[in-house]
Amino acid sequence: MASEPVNVNEFQELARQALPKMYYDFFTGGAEDQHTLKENVAAFRRIMLRPRVLVDVSRIDMSTTILGYKISAPIMIAPTAMHQLAHPEGEVATARAAAACNTIMILSNMSTCTVEEVASSCNAVRFFQLYVLKRRDISAQIVHRVEKNGYKAIVLTVDTPRLGRREADIKNRMVSPQLRNFEGLLSTEVDTDEGSNLEALAEGIFDTSLSWEDIGWLKSITNLPILIKGVLTHENARKAVEVGVAGIVVSNHGARQLDYTPATISVLEEVVHAVGGRVPVLFDGGVRRGTDVFKALALGAQAVLVGRPVVYGLAANGERGVRRVIEMLKDEFELTMALSGCSRVKDITRGHVTTEFDKLRSML
């Protein structure tokens, strides 16, 4: 009998064993040379911790609030597409695991379970990730369904006017399943003789004209707070605050869009400084350890989003696998807090980490 995973990284091999190669490659792959994909993880390893000793850590409180909603730890579930490719119960299993772990799931616009199915599966706070389509009326209908079904925020992805070049999907001729949020509204079936039909689908439905002015349009059709996901620079962070977003997600789309963008952890602090506390900053990209969560919070993130590891857990063991992934990260984060001398999340400060830039500054 195979041993149980002892850390999040070990779920990837279980997912590889469980999934057809096409689907495994879809979930694991990045854009082009996959340089950024590797850097998202590697950059964390170049950040060192600076623990404090002789601090009372007999009680550790990992809880925090996101847009006023309390969660058990600053670890949320990132929006990732097509969970039924990983497990038959799809996003419903992921949602139940999130509820059991008392955290927030962000449901992908490209989910294989509907907004309604996920909403009715369990009682929990959840957000919805949105792509704006060429057919704005369809995007508006989906937003209204989201609001009607009790989702608490819209997370607008802004880094995907076109789909990044994901060469594994092209080689495998990746085929998208029916995306059921669009049923009766839009066909997501694409006939193409070569390459990935995901690329053809995105080209056919995503609105490449989306601009800052359209944040106003989105605000006009919903009362939900709007966060934007895909910010990597201080210029865009300031602009986001100017147009009135409720939060920012520092993200390079899991390195699936533009290769040779920076690892997200390396630009997090730049965005945090630009925002200046006016809106919360969330973070995704490369989180595999509780120490990664700690490092992101020390650099100013309010919470991290976890993507691929959740899918690996889902592929390995459904809802239970997702729960184990989140629980492992929480356990490691709690231990990191204790060993660093932090009994509460707000005790984690910039002084608890040292980065490559700190080392360079000290040499000048």
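How many residues of the lining of the largest cavity are nonpolar, how many polar and how many charged? The legends below, which describe a predicted model, begin with this question.

**Figure 1. The largest cavity and its lining.** The residues that line the largest cavity comprise 18 nonpolar, 11 polar and six charged ones. The volume of this cavity is about 590 Å³. Its lining contains 35 residues, and P79, T80, A81, H253 and R256 are the closest to the centre of the cavity. At least two lining residues come from each of helix 2 (21-28), helix 3 (35-45), helix 8 (197-205) and helix 13. In the model as a whole, three cavities of 30 Å³ or more are counted.

**Figure 2. The largest nonpolar core, with I248 among its residues.** This core consists of 104 residues, and I248, L268 and F283 have the most contacts inside it. Helix 13, which spans residues 308-340, is the element that gives the most to the core, contributing 12 residues. When neighbours within four places in sequence are left aside, the contacts of I248 include L227, I228, V231, A237, A240 and V241. Another core, of 14 residues, lies apart from the largest one; I71, I104, A303 and L305 are among its members.

**Figure 3. The largest pocket.** The space in this pocket amounts to about 330 Å³. Sixteen residues form its lining, and those nearest the centre are D159, R162, L163, G164 and Q257. Helix 8 gives the most to this lining, with three residues. Sorted by class, the lining of the largest pocket holds five nonpolar, six polar and five charged residues.

**Figure 4. The second largest pocket.** A volume of about 280 Å³ is found for this pocket. It is lined by 16 residues, of which N9, V41, R45, G286 and R288 are the closest to its centre. Helix 3, helix 12 (290-298) and helix 13 each give two or more residues to the lining. Helix 3 provides the largest share, five residues. The lining of the second largest pocket is made up of four nonpolar, five polar and seven charged residues.

Figure 5. S121 belongs to helix 5, which covers residues 115-121. This serine counts as buried because its relative accessible area is 17%, and the limit for a buried residue is under 20%. The side chain of S121 reaches the backbone oxygen of V118 at a distance of 2.7 Å. Residues up to four places away in sequence not being counted, S121 touches V92, A95 and R96.

Terms used
Residues numbered from 1 in each chain as written. Predicted model: local features only at pLDDT ≥ 70, side-chain atom pairs only at ≥ 80, totals over all residues. Heavy atoms only, no water. Core = buried A, V, L, I, M, F, W, Y, C linked by side-chain atoms within 4.5 Å. Buried < 20%, exposed > 50% of the residue type's maximum accessible area, 1.4 Å probe, protein only. Helix = DSSP H or I, 4+ residues; strand = E, 2+ residues; numbered from the N terminus. Contact = heavy atoms within 4.5 Å. 1 Å grid on protein atoms, 1.4 Å probe; cavity = no way out; pocket = protein on both sides within 12 Å on 5 of 7 lines; lining within 4 Å. Points joined across faces, edges and corners; volume = space filled by probe spheres on them. Nonpolar A, V, L, I, M, F, W, Y, C, P; charged D, E, K, R; others polar. Polar contact = N/O pair within 3.5 Å; in protein donor to acceptor, adjacent residues only side chain to side chain.
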